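Welcome! Please take a look at the chain below, and then we can walk through it together.

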Amino acid sequence: MNATTLRRPLPRYALSESWRRRLPLLPALLFTIALTQVPFVMSIWYSLTDWQVVPPGPRKFVGLDNYGKLFSDHFFRQAVWTSIEMTVVPVLGALVLGAGFALLLDRKFFGQGLVRTLLITPFLLMPVVVGLVWKNQMFDTLYGVLNWVIDKLGFTPVEWVSRYPTWAIALVLIWQWTPFMMLILLAGLQSQPGDVIEAAKVDGATPFGIFRQLTVSHLRPYMELGILLGTVYLIQVYDQVAVMTGGGPGSTNVPYFVFQRSIGGGWAFGRASSYSIVVVIFSIAIATVALRVLSGLLKGEEIA
């Protein structure tokens, strides 16, 4: 076999080495696309129709009419505002508390591992369980822990869930998502270069000055990542709303509103699909920003 034979190009039907490696993964890729994208495409089609299941009627194509009526719906606007409250307040509250716990755990003390495990536990619980525990054991007027404390202090017990439904759910979300923020910020604190801190101490910087000028700037990308990921998840909160208030006045966010307009009794699948598509678009936009922040954070870690 001479050199000319070795340099002979492969036939057109021959697969390259990269495609040979990817070919076994192709069935899994096609299955994933069918499982995730086909329902999404069908939802887009449903959002362009007038589809009322009860009472049953023909499915009519109406184009963008559902989207045109979307923001003129007073109840939808109220649900959007509730979703904003249930997202912004828990994210910021969990970020502040998570930063405080991360600063406490970023030092050696006896029982550090046990304390870290106990602080992480709320994030490991199922949302339905969290909602039931807080509704029946914390917020209950007769048997709740909060009202027991209020009664011992001489004040009148408060019906938290019925009087302040949005804030009650937001408090539960803060409790559950604080460990998530704590873990992200703790990772940021432990990745802070120690030689820079020591150099600042040698130069006479105070602990508060080191925290304000060095630690906060170092934690900024981690804070951004926590805010973006928390927003992606909390904008889709459904379980706590269903368990604690059942979508009562002042607590119906967009995901629960979509449920009410579809299988929850409204049966207007065309209009409900348009609502859900809007939520998906906002979620994708937020997730895209989160991925960019995460990519920049990882590149920064590689450079360091």
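Which residues in helix 7 meet which residues in helix 10? Pro-127, Val-130 and Trp-134 of helix 7 meet Leu-171, Val-172, Trp-175 and Gln-176 of helix 10, where contact means heavy atoms within 4.5 Å. These contact residues divide into 6 nonpolar, 1 polar and no charged (Ala, Val, Leu, Ile, Met, Phe, Trp, Tyr, Cys and Pro count as nonpolar, Asp, Glu, Lys and Arg as charged, and the others, Gly among them, as polar).

A word on the source: this is a predicted model, where local features need pLDDT of at least 70, side-chain atom pairs count only at pLDDT 80 or more, and totals for chains, interfaces and linings use all residues. Residues are numbered from 1 along each chain as its sequence is written, and side-chain values use heavy atoms, with hydrogens and water left out.

The axes of helix 7 (residues 127–138) and helix 10 (residues 165–190) come within 11 Å and cross at roughly 125°; axes are lines fitted to C-alpha atoms, for helices over the stretch in contact, and angles run from 0 to 180 degrees between N-to-C directions.

Now for the whole protein chain:

| Item | Value |
|---|---|
| Helices and strands in the protein chain | 15 helices and 2 strands |
| Span of the C-alpha trace along its principal axes | about 95 × 75 × 30 Å |
| Buried residues | 33% of the 304 residues |

Here helices (H or I, at least four residues) and strands (E, at least two) are DSSP runs, numbered from the N terminus, and buried means under 20% relative accessible area with a 1.4 Å probe, protein chains only.

Terms used: Buried means under 20% relative accessible area, exposed over 50%, partly exposed in between (1.4 Å probe, protein chains only).
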